[in-house]
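The sequence and structure come first.

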Amino acid sequence: MASSAEGGRLSRIYVLGAGAVGLLFAGHLRNAGYPITLLLRSSAAVERFEQQGGKIGIVNDWIRAHPSRQRLLRAGEEIPCCSIDDVQAETPTEKDTIINQLIITTKAQHVQQAYSQVQSRLNPNSAVLMLQNGMGTLEAIQRKFYTHSQNQPAFIIGTNAHGCLRHSNEEFATHHTAMSSCKIALHIPSAPQSAMEMLTALAALPLNVSVVNWSDLQPQMLLKLAANAVINPATALAGCRNGLMLQPEVPSVREFVASACLEIAAIYARAHPHLHSELSAAAIEEYVLNIVHVTAQNKSSMLQDVAAARPTESDWINGYLVRLGQQHGVPTPINTSLYALMKLRESAF
């Protein structure tokens, strides 16, 4: 485990965004011995968290589909909730102490507003891990909050493929529905000690976290973006779980997937020509279908947002691809249609 420079004590890690992903990482980090503080949106949420004992719950539903673990379950047996104690909570603006290590797991559309609440508590010796769907959030933060690069904290970018969701009646518990992996990379080559400690802490978690070079993370982020651009709006508009996209009796869905992947590959070929072999239409389609298979029982984040009448991440997913296509002169009829339909769906809230 990583330790801080002061007396060998473990550094406190703050988590901004106590949704399914934030609770998953916060719970595992606390289980590994790290002091954890959840940054919750309101004093009322902090009070509710403290009233239920300052605990995070993790239900490992992925065991049901795991080839070896599922044999340990009896038919119809419930997966017990793992309760992780001694977690602290506060609002982002409640204190003014410096945050040395921060994980941001808010939805992409809320990142800038959330970041504005903690910016004053960060400095160049801080490390900030960003775990969002879509792309463009880091650039948006840099444009809005930093005119000089030397004032920025060390940003770590991650792409998370674990399936998880939070039930509406379980505010501080997450269901880990699909065991997959997470890749993280420093956005700059040099970084403060806090960033190295955070990388060490995350790599030791039982979440298949890999620390990679920035150049190796980029194709993974683009593949994840493609998967989100295909799966999320399709399932949100159809109101179905991810696995329905694999049904052989609906061949038109597979045709849609193939066409969407072809369009995304054309965008990437112009925008990132050096990654052409890694981001071919065939490679993108294989990745998308694998994600569909692994997360077959999942409800996509867009579907969950639509069901809760919340804004979606479409601006940072299909909207991002549309803007990238326009920038490089590539037609994007599929992503333009999906983006327009999602914005129309949101307007009905």
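E171 is partly exposed at a relative accessible area of 31%, where partly exposed lies between buried (under 20% relative accessible area) and exposed (over 50%), with a 1.4 Å probe and protein chains only. This is a predicted model, in which local features need pLDDT of at least 70 and side-chain atom pairs count only at pLDDT 80 or more, while totals for chains, interfaces and linings use all residues. Residues are numbered from 1 along each chain as its sequence is written, and side-chain values use heavy atoms, with hydrogens and water left out.

E171 forms a salt bridge with R48, meaning a side-chain nitrogen of Lys or Arg within 4 Å of a carboxyl oxygen of Asp or Glu. The two residues are 123 apart: R48 sits in helix α2 (residues 43-51), and E171 in the loop between β9 (163-165) and β10 (173-178). Helices (H or I, at least four residues) and strands (E, at least two) are DSSP runs, numbered from the N terminus. R48 is partly exposed, with a relative accessible area of 39%.

The count comes to 8 salt bridges, among them these:

| Pair | Closest N and O atoms |
|---|---|
| R48 and E171 | 2.8 Å |
| K343 and D315 | 3.3 Å |

E90 is buried at 3% relative accessibility, and R121 is buried at 1%. K343 in helix α11 and D315 in the loop between α9 (301-307) and α10 (318-327) are 28 residues apart. Salt bridges that share partners also join E90, K95 and R121 into one network.

In helix α4 (residues 137-145), the buried residues are T137, L138, A140, I141 and F145. Seen down the axis of α4, these fall within an arc of 160 degrees, so they line one face of the helix; the arc is that of the directions from the helix axis to the C-beta atoms. Their cover includes α3 (111-118), β7 (127-131) and β8 (154-160).

R30, in helix α1 (residues 20-31), counts as buried at 18% relative accessibility. A polar atom of the R30 side chain lies 3.0 Å from the backbone oxygen of D86. Beyond its neighbours within four places in sequence, R30 is in contact (heavy atoms within 4.5 Å) with P35, I36, I84, D85, D86 and V87.

Technical notes:
Polar contact = N/O pair within 3.5 Å; in protein donor to acceptor, adjacent residues only side chain to side chain.
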